[in-house]
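Please open the structure in your viewer and keep the selection tool at hand. The tour below moves from one selection to the next and says what is found at each stop.

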Amino acid sequence: MNVSIRSKNLRGAVLGLVPVLLATGCGNSGGGPSGDSSADTIANIGSDTMLQLAMAWSEAFKLAEPGVNVEVNGGGSGVGIAGLINGSVDLANSSRAFEEKEAADLRAKQGKEPLGVTVGFDALSIYVHKDNPLQELTLEQLAGIYSRDGAIRTWSDLGVKAIPGAQGDEIIAISRQNNSGTHHYFKEAVVGKKGVLRPDCVNQNGSADVVNLVATTPNAIGYSGMGYRTDAVRILKVAKRAGEAAILPSIASTLDKSYPIARPMFVYTAGEPAAHIKKYIDWILSEPGQSLLAENGYVPLPKQ
Amino acid sequence: MFTETLTGRKKQRHERVARMFFGLMTAAMVIPLLLIVGFVVFKGAPAMTWEFFSTNPRRGGTAGGIWPALVGTLYLILVSLCISAPIGVLAAVYLNEYAKENWFTRIVNLAVVNLAGVPSIVHGLFGLGAFVYALHFGKSILAAALTLAIMTLPVIIASTKEALASVPRSFREACWNVGASRWQTIWRIVLPNSISGILTGVILQVSRTAGETAPVMLTGVATFKAIEGGGLFLYDLREQCMALSMHLFYVRTQASGAPEELSYAIAATLLGVVLLVNTTAICFRVFLRARKKW
């Protein structure tokens with residue numbers, strides 16, 4: 001008797017679940033009216049340096065153009081470019097140029113040419129702890145710190161006597177993971193194409209990570225975008241070579257090319273972009289899109 | 001009359017030591033849990049306003065709320081559960097009630113056990129290859145939910161089998177002896193008596209689904225997706241969504257200028273979702289257990 005009551009309840013429970021399952025099933029197959037607009041979704045993946053900027057663009061563009069969804073992901077410039085090559089990405093953010101080998105891959109896989117647009121600049125800034133008395137470095141000194149064969153391994157090699165709170169004299173060099181466009185650019189601009197970074201660099205996976213680590217490590221040095229500055233760190237002036245004036249990264253010093261380690265940022269499509277992607281790129285290049293660069297600590301394109 | 005002997009005293013001493021030791025171990029498990037939850041909630045509390053829960057992230061995730069991420073996590077949980085629960089429970093019923101003990105069943109059982117031990121990032125890569133690329137779902141909620149479902153399936157199968165096996169064999173034998181078929185026995189005797197265990201196992205998997213980052217990051221969760229307005233129906237199943245776990249990862253490692261309490265508030269919300277679901281599971285268990293007849 002008990003058994004039959006219980007099984008009735010069970011049947012009720014199962015029957016109750018059926019509509020729920022059906023409802024989700026319908027949502028799944030039908031997709032609804034919003035499904036038709038999924039053609040206007042832009043998969044936007046790539047550079048971590050540009051991630052926050054890309055999010056700001058996506059957010060503002062939604063207000064300007066409600067019909068287009070921009071889905072933003074980070075991972076690194078290499079991730080975006082790889083996605084473009086295998087077709088899972090519509091628009092790749094990259095803080096470095098397409099390499100010839102990658103362009104060949106894209107041609108081979110999709111028969112399309114990479115089409116890049118410069119959307120702004122990033123002044124790669126050298127960060128130290130706020131208590132570090134050092135003010136400026138030359139590119140040679142930076143290379144000495146970061147290259148495998150470099151001679152600068154301690155702060156006293158740079159003439160820095162004591163950093164308050166630091167344990168030891170050793171320079172802790174912070175770098176980025178190797179699929180990062182920032183890493184690529186820094187290595188080429190500072191250590192040189194053929195050079196090798198010192199193997200004991202502390203690699204971080206994000207632009208903000210680098211700055212956070214510098215903020216808590218008095219004898220560390222790191223590089224990251226200009227926009228990631230906080231009150232716990234300081235940005236060094238950088239000189240092209242000894243004897244020349246050392247320059248602070250800024251919008252002006254990036255545009256007149258006096259700051260030596262600034263680089264362009266790109267968005268890439270595979271071949272000609274579809275109409276809604278073209279619209280998005282045009283919007284990025286227009287005044288509302290460009291104004292977000294300065295707001296987030298990047299350098300907008302020079303006004304014509 | 002008993003006199004206390006030397007061995008008797010020794011026994012009592014051992015008893016006390018053992019009791020204290022085991023008690024300490026239990027405390028060692030509970031204290032970190034309380035500390036973690038307390039710490040996260042304490043640090044995140046200043047940011048947890050109604051606006052935080054109900055609005056979209058703004059200014060590159062450094063301001064505003066988490067609504068799209070919260071909804072995205074609920075989508076992933078619901079859709080993956082709708083896939084994994086029926087398949088998992090039915091498979092377990094077959095394995096426990098119908099399957100004969102032969103090489104095939106042994107291989108299936110072995111596969112289930114081994115699948116449960118596969119790291120989630122490997123499931124993510126599988127989902128990327130199978131659902132995103134091979135089946136052309138693209139990066140989408142559907143692909144992410146299927147990946148999560150495959151990840152939780154083996155555990156659901158294992159816990160359901162456990163629950164079914166806990167129904168005494170004599171119940172089944174009694175039922176068969178009055179002429180009931182296997183299906184009648186399962187439907188009227190085995191399932192009603194094991195439903196509490198089955199549901200608990202299924203619902204506990206939700207907490208795992210809610211917290212996973214690696215598999216969904218590869219298959220269907222965007223770091224950021226601009227959402228217009230609010231409401232529950234933000235996403236199409238063929239689009240990507242945001243998720244709490246991914247949002248926490250982003251805010252903590254990539255967003256510059258995000259207030260510290262923001263990441264703790266997101267963590268506390270994630271914990272809240274998991275705790276809510278687990279509490280539901282416990283209530284189910286208590287309610288159904290109370291009606292168990294042995």
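Select helix α7 (residues 169-177) of chain B, where B:Glu173 and B:Arg169 are 4 residues apart and thus separated by about one helical turn; helices here are DSSP runs of H or I with at least four residues, strands are runs of E with at least two, and both are numbered from the N terminus. These two residues form a salt bridge with closest N and O atoms 3.2 Å apart, the term meaning a side-chain nitrogen of Lys or Arg within 4 Å of a carboxyl oxygen of Asp or Glu. B:Arg169 is exposed at 52% relative accessible area, whereas B:Glu173, at 35%, is partly exposed (buried is under 20%, exposed over 50%, partly exposed in between, with a 1.4 Å probe and protein chains only).

This is a predicted model, in which local features need pLDDT of at least 70 and side-chain atom pairs count only at pLDDT 80 or more, while totals for chains, interfaces and linings use all residues. Residues are numbered from 1 along each chain as its sequence is written, chains are lettered from A and ligands numbered from 1 in the order in which they are written, and side-chain values use heavy atoms, leaving out hydrogens and water.

Next, select A:Glu65 and A:Lys279, whose salt bridge has its closest N and O atoms 3.3 Å apart. A:Glu65 lies in the loop between α2 (51-64) and β2 (69-73) of chain A and A:Lys279 in helix α9 (residues 275-285), so the pair ties together parts 214 residues apart in sequence.

Finally, select B:Glu260 and B:Lys43, whose side chains meet in a salt bridge at 3.7 Å, N to O.
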